[in-house]
Amino acid sequence: MSQLSKVTLSTGHACNESEREQILNLMREIKEVNLSGEVFNMDNVIYYIEPDLSSRFYVAIIEGKIVGYVYGTIESTICGCLYYIGVKKEFRRQGIGKLLVEKLVAQFKKQGIEYIYALSTNQRMTDFSSHLGFAEGEKMTYMKRIISDDITSKEST
Ligand SMILES: CC(C)(COP(=O)(O)OP(=O)(O)OC[C@H]1O[C@@H](n2cnc3c(N)ncnc32)[C@H](O)[C@@H]1OP(=O)(O)O)[C@@H](O)C(=O)NCCC(=O)NCCS
């Protein structure tokens, strides 16, 4: 049965110890990875849930438990980025991811942002974001990896 009607969204408060623990556990469970495949640095979470003007972090809560999160950054005066998103496995495909993206988009709009792009790290994200109206950017993003694997592994030791 869909749990969507039970969801509340965070409004950008500073997280308490229990919330922080829940977010960290959820991220570990989902195994959030960044573009280069490294495990996301969870020490930063406490910082992220206290949004400043250029970043937003929201969580979805059902009956007091955090079941999803979204993090977005403002990249320029008109462009924002859906940086990462995660929903607890047993709560997926019920509209919670969409709700989190809508929350982020509403906030971006308030800040005058006109475009949002998503970082797609896997096929699931590509499918999800295309359902939400994201399309492959034409001649928009040119990427270059500027750090070698050697340096990355040295830094993480
Ligand atoms: C990607 C993710 C956040 C989607 O969350 P979700 O709560 O299941 O998504 P929703 O239920 O809100 O789905 C929204 C839309 O996307 C579609 N969708 C979601 N996951 C999909 C998938 N794996 N394949 C195809 N379509 C998908 C839904 O059908 C829905 O479409 P609709 O609005 O037309 O009905 C979730 O699968 C997840 O946490 N994945 C693991 C972490 C991850 O890969 N994050 C992305 C990298 S940062």
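**Exercise 1. What percentage of the 157 residues in the protein do buried residues make up, and which secondary structure elements does the protein contain?**

*Solution.* The coordinates are those of a predicted model, in which local features need pLDDT of at least 70 and side-chain atom pairs count only at pLDDT 80 or more, whereas totals for chains, interfaces and linings use all residues. Residue numbers run from 1 along each chain as its sequence is written.

Step one is to apply the burial criterion: a residue is buried if 20 or more other C-beta atoms, placed from the backbone, lie within 10 Å of its own, exposed if 12 or fewer do, and partly exposed in between. By this criterion, buried residues make up 24% of the 157 residues.

Step two is to list the elements, taken as DSSP runs numbered from the N terminus, with helices being H or I of at least four residues and strands being E of at least two. The protein has five helices and five strands, and along the sequence they follow the pattern β-α-α-β-β-β-α-β-α-α.

**Exercise 2. Determine the strand order of the sheet and describe how its strands pair.**

*Solution.* Two strands count as paired if DSSP finds at least two bridges between them. With that rule, the five strands form an open sheet of mixed pairing, in the order β1-β2-β3-β4-β5. Its edges are β1 (7-9) and β5 (115-118), each of which pairs on one side only. Neighbouring strands are turned against each other by 25° on average, direction ignored, where axes are lines fitted to C-alpha atoms, for helices over the stretch in contact, and angles run from 0 to 180 degrees between N-to-C directions.

Next, consider the partners of β3. Strand β2 (residues 55-62) and strand β3 (residues 65-74) are antiparallel and share eight bridges, among them isoleucine 62 with lysine 65 and isoleucine 61 with isoleucine 66. The hairpin of β2 and β3 has two residues between the strands, and glutamate 63 takes a positive phi near 45° there. On its other pairing, β3 runs antiparallel to β4 over seven bridges, one of which joins valine 70 to isoleucine 85; a hairpin of four residues connects β3 to β4.

Helix α1 (residues 17-30) touches β2, β3 and β4 (79-87), and its direction makes about 85° with that of β3; contact here requires that the C-beta atoms of two residues, placed from the backbone, lie within 7 Å.

**Exercise 3. Why is β3 largely enclosed by the rest of the structure, and what does glycine 68 touch?**

*Solution.* Strand β3 is largely enclosed because eight of its 10 residues are buried. Glycine 68 lies in this strand and is buried, since 23 other C-beta atoms are found within 10 Å. Beyond residues up to four places away in sequence, glycine 68 touches Val59, Ala60, Gly86, Val87, Lys88, Phe91, Ile96, Gly97 and Leu100. Between glycine 68 and arginine 92, 24 residues apart in sequence, the C-alpha to C-alpha distance is 9.2 Å.

**Exercise 4. Which residues of the largest nonpolar core touch the most other members?**

*Solution.* A nonpolar core is a set of buried Ala, Val, Leu, Ile, Met, Phe, Trp, Tyr and Cys residues joined through C-beta atoms within 7 Å. The largest such core has 25 residues, of which Tyr58, Tyr69, Val70, Leu82, Leu100 and Leu104 touch the most other members. Two or more residues each come from α1, β2, β3, β4, α3 (96-110) and β5, with the largest share, six residues, from β3.

Leucine 104, in helix α3, is buried with 24 other C-beta atoms within 10 Å. Apart from neighbours within four places in sequence, leucine 104 contacts Arg56, Tyr58, Val70, Gly72 and Leu82; its C-alpha atom is 7.7 Å from that of tyrosine 58, although the two are 46 residues apart in sequence. Leucine 82, with the corresponding neighbours left aside, contacts Gly72, Val101, Leu104, Ile116 and Ala118.

**Exercise 5. How many residues surround the ligand, and which are the closest?**

*Solution.* A residue is counted as near if its C-beta atom, placed from the backbone, lies within 6 Å of the molecule. The shell holds 19 residues, the closest being Arg92, Gly97, Lys98, Asp127 and His131. At least two residues each are supplied by β4, α3 and α4 (123-131), and the largest share, five residues, by α4.
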